[in-house]
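This report describes one protein chain. Look at the sequence and the structure first, then read the sections in order.

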Amino acid sequence: MAFRGLRDADPLDTSVLILQDRHRSHLVDIEEFQEVLHPRQQMRAFLSMWRMDPRIRPYVIRAGFYGIYRLRHIIIDWPLITCLVERWRPETHTFHVPVGEMTITLQDVAIILSLRIDGPAVTGTCVLDVAGLCGELLSVIPPDDAIRGSAISIRWLCQQLSTPSPDVDEVALQRSARGFILALMGSFLFADKKGVHVHLCFLSLLRDFTQTSSYS
């Protein structure tokens, strides 16, 4: 796809890139968009609220989520992110840069997040028995004000499960690990706009940590 120049992201041929008149790069040209983007980040707030107990680390590792935890708060080059947004084309799902097209692959995800990309697909239903599922896998039943639809409050999970007592058994530590991983998913992988709730459909996938690590 040909463009006008190194500094001009407008395409010469709009027969494929038909959304150019609504694209951010067009708005930059007419000086309606000049500010640097600052996307939402929830990871820092989550990690300041919930410090992982060393006793649950083996379960987080076994489930395959320790690589995500080790990322912690990522220092992001916001001007670079803004430039990439201006080069992203929704018509082709690729970045259009002066040297050609590029995109994000599953291999990139695997390398950065240390997640598997070659296991069984995650499938299931979002129709849940909230009380039964939480009682079985977390040993706590959330009150109505901690539930929004089929999503659970991350702050409530932290209050209930972040500080297991010194003399708890392995089963209780596994429950705490499930809560931590669930909250980690809601704060990083599947964060909503506010990053305060996480869908409970992921909880049933944490029943067996070894099985969890095998999913793609």
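## A buried tryptophan and its partner

W50 is buried, with a relative accessible area of 0%. The structure is a predicted model, and the values here are computed from it. F46 is buried as well, at a relative accessible area of 1%.

F46 and W50 form a tilted aromatic pair, with 6.2 Å from centre to centre and 55° between the planes. The two residues also belong to one aromatic cluster, together with Y66, Y69 and F180.

## A stacked pair between two loops

The count of aromatic pairs comes to 8. One of them joins F190 and F202, and this pair is stacked: the centres are 4.6 Å apart and the planes make an angle of 15°. F190 lies in the loop between α9 and β8 (197-199), while F202 lies in the loop between β8 and α10 (209-212), so the pair ties together parts that are 12 residues apart in sequence.

Are the two residues of this pair buried or exposed? F190 is partly exposed, with a relative accessible area of 44%. F202 has a relative accessibility of 15% and counts as buried.

## The chain as a whole

The chain has 216 residues, and 37% of them are buried. Its secondary structure comes to 10 helices and 8 strands. The accessible surface is about 12,800 Å², and carbon and sulfur atoms account for 55% of that area.

Contacts can also be sorted by how far apart the residues are in sequence. Of the contacts between residues at least 6 apart, 69% join residues at least 24 apart.

## The largest nonpolar core

The largest nonpolar core has 41 residues, and those that touch the most other members are F65, L157, F180, L182 and L203. Two or more residues come from each of these elements: α2 (43-49), α3 (57-63), α4 (66-71), α7 (130-137), α8 (154-161) and α9 (170-189). Helix α9 gives the largest share, 8 residues.

Which residues does F65 contact, leaving aside its neighbours within four places in sequence? The partners are V60, I181, L184, M185, L189, L206 and T212. F180, another of the core residues that touch the most other members, is also part of the aromatic cluster with F46 and W50.

## A sheet of three strands

Three strands form an open sheet in the order β3-β4-β5, and the pairing is antiparallel. The edge strands are β3 (88-89) and β5 (100-102), and each of them pairs on one side only.

Strands β3 and β4 run antiparallel and are joined by 2 bridges. R89 has T94 in β4 as its bridge partner. The hairpin of β3 and β4 has 4 residues between the strands, and in this hairpin H93 takes a positive phi near 55°.

## From β4 to β5

Strand β4 (residues 94-97) pairs with β5 in the antiparallel sense over 3 bridges. A hairpin of 2 residues joins the two strands. F95 has M102 in β5 as its bridge partner, and H96 has E101.

Which residues of β4 point one way, and which the other way? T94 and H96 point one way, F95 and V97 point the other way, and all are buried.

Conventions
Residues numbered from 1 in each chain as written. Predicted model: local features only at pLDDT ≥ 70, side-chain atom pairs only at ≥ 80, totals over all residues. Heavy atoms only, no water. Buried < 20%, exposed > 50% of the residue type's maximum accessible area, 1.4 Å probe, protein only. Contact = heavy atoms within 4.5 Å. Areas by Shrake-Rupley, 256 points an atom, 1.4 Å probe, with all protein chains shown as cover. Pairing = 2+ DSSP bridges. Core = buried A, V, L, I, M, F, W, Y, C linked by side-chain atoms within 4.5 Å. Phe/Tyr/Trp six-rings, centres within 6.5 Å; stacked < 30°, edge-to-face > 60°.
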